Structure formats: structure tokens, C-alpha cells
Amino acid sequence: MVKQQIDERKLDILKELANIGFGNAVTSLSQMLHEEKISMDVPSAELVYLQDVPELLGGAELPVAGVYIESHGGADLTILFVLSLDSSTNLILTLVPGLAGLNDQMGISVLIEVGNIMTNSYLNALSFMTGLLLIPSPPEIAVDMSGAIISTVIAEKCVLEDEVVLIKTTLKSMQKSIEGHILILPDNRALNTIFTLLGIR
Amino acid sequence: MEKLMIKVKISDLAILKGEGVLVTVGLGSCVGIALYDPESKIGGLAHILLPDSTQFKSSLNSFNPAKFADTAIPLLMEKMGKAGANRFSLKAKIAGGGQLFAFQKLGSSIGMKNVQAVKYYLNKYKIPIRGEDVGGFQGRTMRLYVNSGRVVINTVGGTEKIL
Amino acid sequence: MGKRILITDDTAFMRMTLRNVLEKNGYEVVGEAEDGLQAVEMYSSVNPDLVTMDITMPKMDGIEAIKRIMQKDPDAKIIVVSAMGQKALVIEALNSGAKDFIVKPFQPDRIVEALQKVGG
């Protein structure tokens, strides 16, 4: 398969938007974790083969918790916040000590809300930068193989393209041993809208 | 003995003859279709994402037949046929089509549509389904061993299933 | 001064968090609604002095719930507590009758301050 070309400039714009958006999300997470220091990798924005997406987070068989949100309105974006089971447990226990992690309904609720707040922080920033109104769905959660969660999201979203733009970052809290990934899949119209708004053809 | 393992990714398919295993990981709402000819020991595995290519006639830059149930099955048959498989001896085993998220459990999810489409097209091509592990609420890994036609299904934290 | 509060949020964790903050500050949580529809129903049955309202919820979102509650009771004192902080939505919530808009994650002081200002 030969990969399509996409303008580097456009990818740079997406990276910059993501940097600010994810930065906002990380700030929110830090505030929730009692001002814990959280580091964030420089976001990547790349054209990737759809087939490779489920493998991107350390292997398709890895059991993870995935919080999934769709945003509609000015632009359609698919957002997934993914954590390993250990990170999920650590995150839950940091917020509500004494819970049985993911085996606790309240623990699941904690993850959902963290995903919700982080996603909205990202969308709020993106909205501010582009002027678009981005309306998120209520968050959904699945605890399963990473590949299964990602492929299910892709299937429900009916992604027809074989190559997609994927925006991603990894964040870490060293103290609390929490590592998470944020994946964004914008659809093509969303990309065109954003680029047009920012004056890029 | 070194066993050959071929990994089949999402929206992909592959065939193998004689020895070894075809594996696909991460069948959430996707469906894994294993076709097997016991006489020639040729196996094929497809990991389909969507039910029907004709529903999506939009402006596709390229068309990937392995992505859809209606096109993946005949493609798999064709490849296996070229490798020497007897079309009339083919048996199928299928897995996947689960609902991982709560919103999927509320109505007709893509997983259910995928399973329906796969069964429809296997029936259309008169390929009997010898085993299935479909639906449910978990993701699956599927392995087809081509020396025996045995299919092994795994889930996170669950017991192994043999089809 | 009325201190009976109805909490609305689709996440159990957030309802628990809000309850803790409010009870610590002398408020009485008289109901917890999981979506806008429940909030509207409970407003009538429970008759709270104050309401906290999330925006993104299944069945009925917060904006719609605010409008319906204001229709029933133009004096309703509703404060939005939501992760959604986009300008257009904040304006719509306030225009629909909400008295304040707090973006999550929030500091407990901010909520208490907002409730005191609204008069509870």
C-alpha cells in the first residue's frame, strides 16, 4: 500500500492545536489529582494506516480501560482516552482511596468522569482556538483488549478510509504510576473545516 | 518445530496452507471469518469491520475488499481456490460481533449487523458454519490452526473456547 | 435561607464529590438526578432551594432541563457544573436561566461561593 501524502504544514497545525488542547486536558487532570505533576509527550499528528491503529498502544491484546467520546457540531471528532489496568486502578485510588479499582462501579464512574473532564478540556481549548462549537456525547467506557476497543470505535464510526489522521499523546504521572494515552480521530470534513477556518487550503 | 504464525490485522485477510496458525486480535464489533478446506489443509482468515460495501458508495480513495463482509468472503474463497482449495469442501467458523460499550447494547450495534451479514453471505456461498462464538460483550482473539481446522477463541479474563 | 439542594450529574463519582463538598459546607442534598429528565421531575417532587446542573447527559441535556425548570418556576436557582466550557454554551445556559456556570474540575470554594451568591 502506498500512503497518501498530506501537507506537512497541515500536520504541524494539528500538532500545535493538539499541544494546546491536550495541555489543557493535562492541566485539568493535574488539578483533579490534587496538583500532581503530569508530563505530556509532544503530540503526534500523522497519517496512519487504519489497520495499524489498534496496535498503536502497546499491542492489540493488552487489556485496557478506554473512555470514548464523540464530538459533533462544528467538527466531528472521535476521542479515546486509554489507560492500562494498573494505571486505571492507580488513578481511581488517587481520587477515591479504598475502592476496588475497576471492579467497583464507583471506580468505573471515576474513570468515566476523568475521561469526560479531560476530553472537554481538550474540546474547550479547540473550540476557543477555532471558534467552532464542539458538542461532546456522554462518555462511554469499555474494559477490554486495546485492539478490540479501538476496532469497535472505528466500526461504529464507520471509518471508510484506509488511512486516517491520528492525533495522539501520552501522559504520565510519575508519582502515582499513571500513564494514559489520548487518541483523536478527526473525520475528513472536520479537518477541512479546521484548516479552512485557520486559513489553510 | 518452528510454527509459522500470520497475523491478520483489522480490515485484512490472509491464507495459509499445511502448517501454522492464522491469528487475528481485537475482534470487538468486528467479525473474524475462518474458512477451512480439510482436504487440502488450506485455511483463510478475514477480519471484517463493516457488513456491506454497497451501503457505502461514497467517495472512497481506494476500495479495500477485506473490510466488508460481502467482499471479504468471496475474496478469501478466491485466494484459497487459487492455492488449491476445493470450494465445495469449505467450512466456516466465525467469532466476534460483540458490544463493548453501553450505547451499543441499547439498540442495533454494528457488531450485530456484521454477524448478520457474515452469516448471510456464507449462506449465499453455501459454506456451512461449523462453529461460532459471536455476540456478547467482550473482545476476542481468534486463531485458526491450518493442520486441523481448529479455531481457538480467547477473551480477557475468560476461558478459552475451541470451535 | 434555603439550603436544600438537588444535584444533577450523569456520573456517580461527580454526584458523590458534589454531595461531599455541599454537606461539608452545611447544605442538605435532598435529591440526586442522573439526567435532565430526572432533574425536571425531581424539581417538582422534591422542591429544592437550589439546583446544580451538568450539561452533557443522556435522555435530556442540562440546557433543556434548565429551560423546563425555569418554565415551572421562574425563580429557580440553578447553577451549572459542567466540564463543557465553550462560550456559546455558557451563554446559552445563562440565557436559559442559569445563575452561574462552573467549569470542571472545580475548587470546592468556587461552588460554595457561587451558591452563596445565588442566595442559599
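This report describes the nonpolar core, a helix pair, the chain contacts and a strand sheet of the structure above.

The model is predicted, so that local features need pLDDT of at least 70 and side-chain atom pairs count only at pLDDT 80 or more, whereas totals for chains, interfaces and linings use all residues. Residues are numbered from 1 along each chain as its sequence is written, and chains are lettered from A in the order in which they are written.

A nonpolar core is here a set of buried Ala, Val, Leu, Ile, Met, Phe, Trp, Tyr and Cys residues joined through C-beta atoms within 7 Å, where buried means that 20 or more other C-beta atoms lie within 10 Å of a residue's own, with C-beta atoms placed from the backbone. The largest such core holds 147 residues, and those touching the most other members are A:Leu111, B:Ile33, B:Ile48, B:Ala72 and B:Val118. Helix α3 of chain A (residues 105–130) gives the most to this core, namely 11 residues; helices (H or I, at least four residues) and strands (E, at least two) are DSSP runs numbered from the N terminus. Leaving aside residues up to four places away in sequence, B:Val118 touches B:Val31, B:Ile33, B:Ile48, B:Ala69 and B:Ile94, contact being defined by C-beta atoms, placed from the backbone, within 7 Å.

In chain A, the axes of α1 (residues 8–32) and α3 come within 8 Å and cross at roughly 140°, the axes being lines fitted to C-alpha atoms over the stretch in contact, with angles from 0 to 180 degrees between N-to-C directions. Among the residues that meet are A:Leu17, A:Ile20 and A:Phe22 in α1(A), and A:Val114, A:Ile117 and A:Tyr122 in α3(A).

Chains A and B share the most contacts of the two pairs of chains in contact, whereas no contact joins chain B and chain C, whose closest C-alpha atoms lie 10 Å apart. The contact of chain A with chain C draws on α1, α3 and β5 (134–136) of chain A, each supplying at least two residues of the side of chain A that touches chain C, and α3(A) provides the largest share of that side, 11 residues.

In chain B, five strands form an open sheet of mixed pairing in the order β1-β3-β8-β9-β10, two strands being paired if DSSP finds at least two bridges between them. Some of its strands are listed here.

| Strand | Residues | Note |
|---|---|---|
| β1(B) | 5–8 | edge strand |
| β10(B) | 161–162 | edge strand |
| β3(B) | 21–27 | five bridges to β8(B), antiparallel |
| β8(B) | 140–145 | five bridges to β3(B), antiparallel |

B:Thr24 stands opposite B:Met142 in β8(B).

How values were computed. Buried ≥ 20, exposed ≤ 12 C-beta atoms within 10 Å, placed from the backbone.
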